[in-house]
Amino acid sequence: MTVPLEVHLDAGDQERALRADVVAGLTATPKWLPPKWFYDARGSELFEQITELPEYYPTRAERAILTERAAQIARLTGARTLIELGSGYSTKTRLLLEALHPALFVPMDVSPTALEAAADQIATDFPALPVRGIVGDITRHLNSLPDASDRLIAFLGGTIGNFEPADRARLLADVRRVLRPGEHLLLGTDLVKSPRALVPAYDDAAGVTAEFNKNVLRVLNHHLQADFDIDGFAHVALWNADHEWIEMRLRARWPMRVTIPAVDLVVELAAGEEIRTEISAKFRREGVDKELTEAGFALDQWWTDPEARFALSLAHA
Ligand code: AVJ
């Protein structure tokens, strides 16, 4: 079954945003690129592979919590509309759909390929469920979410951790603003733990995360006619203990001059110089509670998996 997608991000829009980010990030010191550009068709597929790696525990831990709590979430929220932000392939969402039996499902993602696959599969498996897939950027298009009643917004996977604290505060406040008092947010957050467990989750033995990280350079080569030598970069994952986040970087193995014709830019990299491509913040209960409260939410429930690796928070507006 094919579900028509609502597109709030046309190709031109995306290219403009990519160009602006590339110019800002690659002319800065140190250099950086935002993680949302990982997720073209290949990047979304690589991320799906990551979720099945032995080292990458967050997806399994979150699924375990959802399996245990889905019925309770349905009872506590009484939600009739399920909105999922950064939905990707929506694999864990099925657990919520089965428990909630909502009148409407609204997945929103920047990746049209992942969204299309998810929306079509869910429409096939839940034939009575109206699905309204929205191709959009959660930092810009929350206003296009439907004004239905009794909404639950799910923001799963720990994707909130990809945003720096100030951007997180803005995003959570924006999510709060689209909800009416009494509507709910279900937020997935990865938790602070030993770097011995954290670092391998972002630097797996099979090298899938390394490929995922380097994929951002392929995206730049493809969309901006850049000439990054992909093999000239090494994948780096490290634990930043001060900020309590994982950082992924791409380290130039030798000096490079990269031309990016679409933005009329030449980027010089010294041997060993790094481009930061992602932060993935890890959380503690007090911090999540504080950030939710500051955004205007009230935390109702805090659930973790048995090993306390990952948490799901249920909050209301
Ligand atoms: C999809 C953003 C939750 O930060 O763990 C996985 C992305 N990056 N491996 C994460 C990711 C490297 C992932 N999120």
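**A first walk through the model**

Modeller: Strand E3 (residues 81–85) and strand E4 (residues 104–109) pair in the parallel sense over five bridges. Two strands count as paired if DSSP finds at least two bridges between them. Helices (H or I, at least four residues) and strands (E, at least two) are DSSP runs, numbered from the N terminus.

Colleague: Before we go on, what kind of model is this?
Modeller: This is a predicted model, where local features need pLDDT of at least 70, side-chain atom pairs count only at pLDDT 80 or more, and totals for chains, interfaces and linings use all residues. Residues are numbered from 1 along each chain as its sequence is written.

Colleague: Thanks! Which residue stands opposite Leu85?
Modeller: That is Met108, in E4.

Colleague: And in what order do the eight strands of the open sheet come?
Modeller: The order is E1-E5-E4-E3-E6-E7-E14-E13, with mixed pairing. Strand E1 (6–7) and strand E13 (298–304) stand at the edges with a single partner strand each, so one side of each has no neighbour in the sheet.

Colleague: What holds strands together in general?
Modeller: Strands of a sheet pair through backbone hydrogen bonds, either parallel or antiparallel.

Colleague: Is E7 enclosed or open?
Modeller: Seven of the seven residues of E7 are buried, so E7 is largely enclosed by the rest of the structure. Buried means that 20 or more other C-beta atoms lie within 10 Å of the residue's own, exposed means 12 or fewer, and partly exposed is in between, with C-beta atoms placed from the backbone. His184, Leu186, Gly188 and Asp190 point one way from E7, while Leu185, Leu187 and Thr189 point the other way.

Colleague: How many bridges join E6 and E7?
Modeller: Four, in the parallel sense. Leu186 in E7 is the bridge partner of Ala154.

Colleague: Switching topic: which residues surround the ligand?
Modeller: The shell includes Ile50, Pro58, Gly157, Thr159, Tyr202, Phe212 and Glu278. A residue is near a molecule if its C-beta atom, placed from the backbone, lies within 6 Å of it. Helix H8 (208–224) and strand E12 (274–281) each supply at least two residues of that shell.

Colleague: How many of the shell residues are nonpolar, polar and charged?
Modeller: Four are nonpolar, seven polar and one charged. Here Ala, Val, Leu, Ile, Met, Phe, Trp, Tyr, Cys and Pro count as nonpolar, Asp, Glu, Lys and Arg as charged, and the others, Gly among them, as polar.

Colleague: Which residues does UniProt list for "binding site"?
Modeller: The unreviewed UniProt entry lists Gly86, Lys92 and Asp109. UniProt positions are given in the numbering used here, feature names are shortened, and annotations may be inferred rather than shown by experiment.

Colleague: Where does Gly86 lie?
Modeller: Gly86 is in the loop between E3 and helix H4 (93–100), and it counts as buried, with 22 C-beta neighbours inside 10 Å. Leaving aside neighbours within four places in sequence, Gly86 is in contact (C-beta atoms, placed from the backbone, within 7 Å) with Asp109, Ile138, Phe155, Gly157 and Thr159.

Colleague: And Lys92, buried or exposed?
Modeller: Lys92 is buried, with 23 other C-beta atoms within 10 Å. Lys92 is found in the loop between E3 and H4.

Colleague: Last one: what about Arg16, buried or exposed?
Modeller: Arg16, in helix H1 (residues 11–26), counts as exposed, with 11 C-beta neighbours inside 10 Å.

Conventions
Contact = placed C-beta atoms within 7 Å.
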